[in-house]
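I opened the notebook to go through this model one feature at a time. My entries follow, in the order in which I looked things up.

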Amino acid sequence: MNECGHCSVKVGEESAILTNGKVWHVNHLLCDLCNCRINDGERCVPQNGVILCSECHIKTTRPICKGCGEFIKTNLCEALNSTWHPTCFQCSVCQKPLEVDFHQLPNRMCVHSDCFWDLQLRMIVCKDLPK
């Protein structure tokens, strides 16, 4: 019963880690995907009998941001059939994060309402200038 989940050698008096219903020698608890060592006190995530380090857990369960291409670890924003970091979903004019109220221009760029109306006003003014 006290056999290491990696090497099947009995775990005696030495330090051990208990996870996923098994005992592991301290140096033998490894991520099943990247094979990195998971240290005592580090977060490991057992999923369907597979042990993952926290990075592999994020890579296999979290979405990728449409704006920067990185994995989204915490808060996310869903817009335009994509998933974004809230800071990556930003106005194409002022580069501040967009919230619920935004406009999408014909070129598919997204802008705040204030920036949208400012652009509309500039287009009207420019259209009426003599050539």
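Which residues have the most contacts inside the largest nonpolar core? I found Cys77, Ala79, Trp84, Phe89, Cys91, Leu98 and Val111, in a core of 13 residues. My rule for a nonpolar core is a set of buried Ala, Val, Leu, Ile, Met, Phe, Trp, Tyr and Cys residues joined through side-chain atoms within 4.5 Å. For burial I use relative accessible area: buried is under 20%, exposed is over 50%, and partly exposed lies in between (1.4 Å probe, protein chains only).

A note on the source: this is a predicted model, where local features need pLDDT of at least 70, side-chain atom pairs count only at pLDDT 80 or more, and totals for chains, interfaces and linings use all residues. Residues are numbered from 1 along each chain as its sequence is written, and side-chain values use heavy atoms, with hydrogens and water left out.

Entry: I asked which elements give two or more residues to the 13-residue core, and they are β5, β8 (110-112) and α2 (113-127). Helices (H or I, at least four residues) and strands (E, at least two) are DSSP runs, numbered from the N terminus. I then picked out leucine 98: leaving aside residues up to four places away in sequence, it touches Phe89, Gln90, Cys91, Cys110, Val111 and His112. Contact here is heavy atoms within 4.5 Å. There is also a second, separate core of 10 residues, with Ile17, Leu29, Ile51 and Leu52 among them.

**Entry: aromatic rings.** I count 3 aromatic pairs. Rings of Phe, Tyr and Trp (its six-membered ring) pair if their centres lie within 6.5 Å; planes under 30 degrees apart are stacked, over 60 edge-to-face, and the rest tilted. Tryptophan 84 and phenylalanine 89 make a tilted pair, 5.0 Å centre to centre with 50 degrees between the planes. Phenylalanine 89 also pairs edge-to-face with phenylalanine 102, at 5.2 Å and 85 degrees. Phenylalanine 89 sits in the loop between β6 (82-84) and β7 (102-104), and phenylalanine 102 in strand β7, so this pair ties together parts 13 residues apart in sequence. Buried or partly exposed? Phenylalanine 89 is buried at 2% relative accessibility, while phenylalanine 102 is partly exposed at 24%. I logged Trp84, Phe89 and Phe102 as one aromatic cluster.

**Entry: the salt bridge.** My search returned 1 salt bridge (a side-chain nitrogen of Lys or Arg within 4 Å of a carboxyl oxygen of Asp or Glu). Lysine 73 and glutamate 55 form it, with their closest N and O atoms 3.6 Å apart. Lysine 73 is in the loop between α1 (54-61) and β5 (77-79), and glutamate 55 is in helix α1, 18 residues away. Glutamate 55 is partly exposed, at 39%.

Entry: Strands β1 and β2 (residues 22-25) pair antiparallel over 4 bridges; two strands pair if DSSP finds at least two bridges between them. Leucine 18 has valine 23 in β2 as its bridge partner. The hairpin has 2 residues between its strands, and asparagine 20 in the turn has a positive phi of about 55 degrees.

**Entry: domains.** The domain assignment, automatic or from a database, gives domain 1 (16-61) and domain 2 (77-128). Their centres, taken over C-alpha atoms, are 43 Å apart.
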